Each structure stands twice: as structure tokens, then as C-alpha cells.
Amino acid sequence: QVQLVESGGGLVQAGGSLTLSCAASGSFFSINAMGWYRQAPGKERELLAGITRGGNTNYANSVKGRFTISRDNTKNMVYLQMNSLKPEDTAVYYCNADFKPRFSSGYVNYWGQGTQVTVSS
């Protein structure tokens, strides 16, 4: 069983910063791409940032220059450093990753349970 568990969400004032963490656990061979998404009430889930196993990153225009994704392959962790937060960043933030199973080919995608980020004005 593979799990992704996010932490670090909370309430912050506009202009502030938060760092989200996501820990992967369970039985798997390796983790390929990892990413952070968010979903605000009444809106679709959107991709914010992705990172390959080798460290290549990509960002949504809405967070480029403010958010930074990083990962630690030795700890099976992915992080999202969020700076200059705005009220419109308020949402549930989800971690996502592609896992390579130990005994089969291909990759399996998993989601974390989400962590709430609320930015007050």
C-alpha cells in the first residue's frame, strides 16, 4: 500500500509564506514525477508545480516566481515553498506522484488527502 501524506497547511496573512511537505510511504520501487495541485471551492483541481525525479521543474503561470517545488529522493519527500501568498491562493492543496511498483511494469498514480491553506486579506 502506497500513501502520500501532506502537512504544513494552515492560516496565513496575505504576503506571508508557508511550506508544504508531502511524505511518500509504502512498498514501491521508485517515484517518478511528483507534483502539487490545488482545488478551491467551486473550481477544478489545477496543477501548480511538477518535478521530475531528476529535478526538472515546471510551474503554472499563476504561481511562477512565488512558489518553489523541490524534492528529496532519499527521503521520498516533495515540498512546496509558497511566498507572497494571496487570498486567491486559498484552497486545498494536494500532493501527487507516479510510483513504480516493485514487481510490475509501468507507473501507478496516487493522490494525498490534501491540506487546507487559507490566506487572509
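A residue is termed buried when its relative accessible area is under 20%, exposed when over 50%, and partly exposed in between (1.4 Å probe, protein chains only). The model is predicted, so that local features need pLDDT of at least 70 and side-chain atom pairs count only at pLDDT 80 or more, while totals for chains, interfaces and linings use all residues. Residues are numbered from 1 along each chain as its sequence is written, and side-chain values use heavy atoms, with hydrogens and water left out.

The protein chain contains 0 helices and 11 strands (DSSP runs numbered from the N terminus; helices are H or I of at least four residues, strands E of at least two). Of its 121 residues, 39% count as buried.

A salt bridge is taken as a side-chain nitrogen of Lys or Arg within 4 Å of a carboxyl oxygen of Asp or Glu; 3 are found by this rule. R38, E46, R66 and D89 are linked in a network of these bridges. D89 counts as buried because its relative accessibility is 1%. R66, at 11%, is also buried, and its closest N and O atoms to D89 are 2.8 Å apart. This pair joins the loop between β6 (57–59) and β7 (67–72), which holds R66, to the loop between β8 and β9, which holds D89, 23 residues apart.

R38 also meets D89 in a salt bridge, at 2.8 Å from N to O. Here strand β4 (residues 30–39) is linked to the loop between β8 (77–82) and β9 (91–100), across 51 residues. R38 forms a further bridge with E46, at 2.7 Å. R38 is buried at 6% relative accessibility, whereas E46 is partly exposed at 31%.
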